[in-house]
Amino acid sequence: MMNKARFISSTTMILVTIAAVLNAWVFITVLLGLTLAGLYEFFYLVKKKGIPIYSYTGIIIGMLIPLSIFTRFEPTGKWELLFIVLLLLLIFLMQFIRNDNTNAIIGISTTLFGILYVSWLFSFLIRIRYFLPGTDGVKLLAFILLVTKCGDMGALLVGSKFGKHPLWPRISPNKTIEGSLGSFAFSALAAILGSSLIPPQFGFSPGHIAVMGTFFGGMGQLGDLSESLIKRDCNVKDSGKFLPGLGGVLDTIDSILFSAPVFYFYISSVVIRP
């Protein structure tokens, strides 16, 4: 049964998501806010493990990624690759300044991973909305969010009522096989109900759309499990307390971090052939 705090947080996030999908400025504002909070939560978790990371530098650089994509800032043809190389060089230079070389490799790797994991993966929502030529990016954005978050909802509802068999207790002791199957079913159903969001020129059959929902819902589950692995390693239940009843921002966006990039590459590379 959903408690009051979870209901209020869920309702708020649904309303904010709808507003963000429909309005470009609300969209980028919400996305930047969630990116900032997600980066903060990630680096806070890592700091609790005693790893010497560069959290403030990571947060600042992490915010530049969605901003550069949104503003189409691309001074070179291979800007993203150059940006990653410059980022790595900067972190190495900051390590040179430190007096202690303990865990240097771990600190450098974790800082870079946090930026890519939270900021770069989440920024694919911008690409879906604005960088898929010949499509209605708003509808495609709504589709992948609908499929992914309905999968989250299905896992919660089915798992809490019927869950008896642990899915992967070493990573997430509360997730069940029944909840996972419920997630697949809800994602497939959401895809079918939201089929009008898919451009008709794609020519997808209902069966194709249902398979898409199942697949991208599965990507969402993989994203959820991946964040659970990080929390397990850091020995915490939730990434934060930003959303009462739901946990932190990372707990809210974790499934999107995997489903959105895969969806973008599927549409841009498979459906829309160069």
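**View 1. Contact between helices H3 and H5.** Gly58, Ile61, Gly62, Met63, Ile65 and Pro66 of H3 meet Thr111, Ile115, Ser119 and Trp120 of H5 (contact: heavy atoms within 4.5 Å; helices: DSSP runs of H or I, at least four residues, numbered from the N terminus). The residues of this contact comprise 6 nonpolar, 4 polar and no charged (Ala, Val, Leu, Ile, Met, Phe, Trp, Tyr, Cys and Pro count as nonpolar, Asp, Glu, Lys and Arg as charged, and the others, Gly among them, as polar). The model is predicted, with local features requiring pLDDT of at least 70 and side-chain atom pairs pLDDT 80 or more, whereas totals for chains, interfaces and linings use all residues. Residues are numbered from 1 along each chain, and side-chain values use heavy atoms, without hydrogens and water.

**View 2. Packing of helices H1 and H2.** Helix H1 (residues 4-22) packs against helix H2 (residues 24-47) at an angle of about 125 degrees, the axes lying 5 Å apart (axes: lines fitted to C-alpha atoms, for helices over the stretch in contact; angles: 0 to 180 degrees between N-to-C directions). H1 and H2 are therefore oblique to each other (angles under 35 degrees count as roughly parallel, over 145 as roughly antiparallel, 65 to 115 as roughly perpendicular and the rest as oblique). Val16, Ala19, Ala20 and Leu22 of H1 touch Ala24, Val26, Phe27 and Val30 of H2. This contact has 8 nonpolar residues, no polar and no charged.

**View 3. Surroundings of Phe122.** Beyond its neighbours within four places in sequence, Phe122 contacts Leu31, Leu34, Thr35, Ile253, Ile256 and Leu257.

Terms used:
Helices (H or I, at least four residues) and strands (E, at least two) are DSSP runs, numbered from the N terminus.
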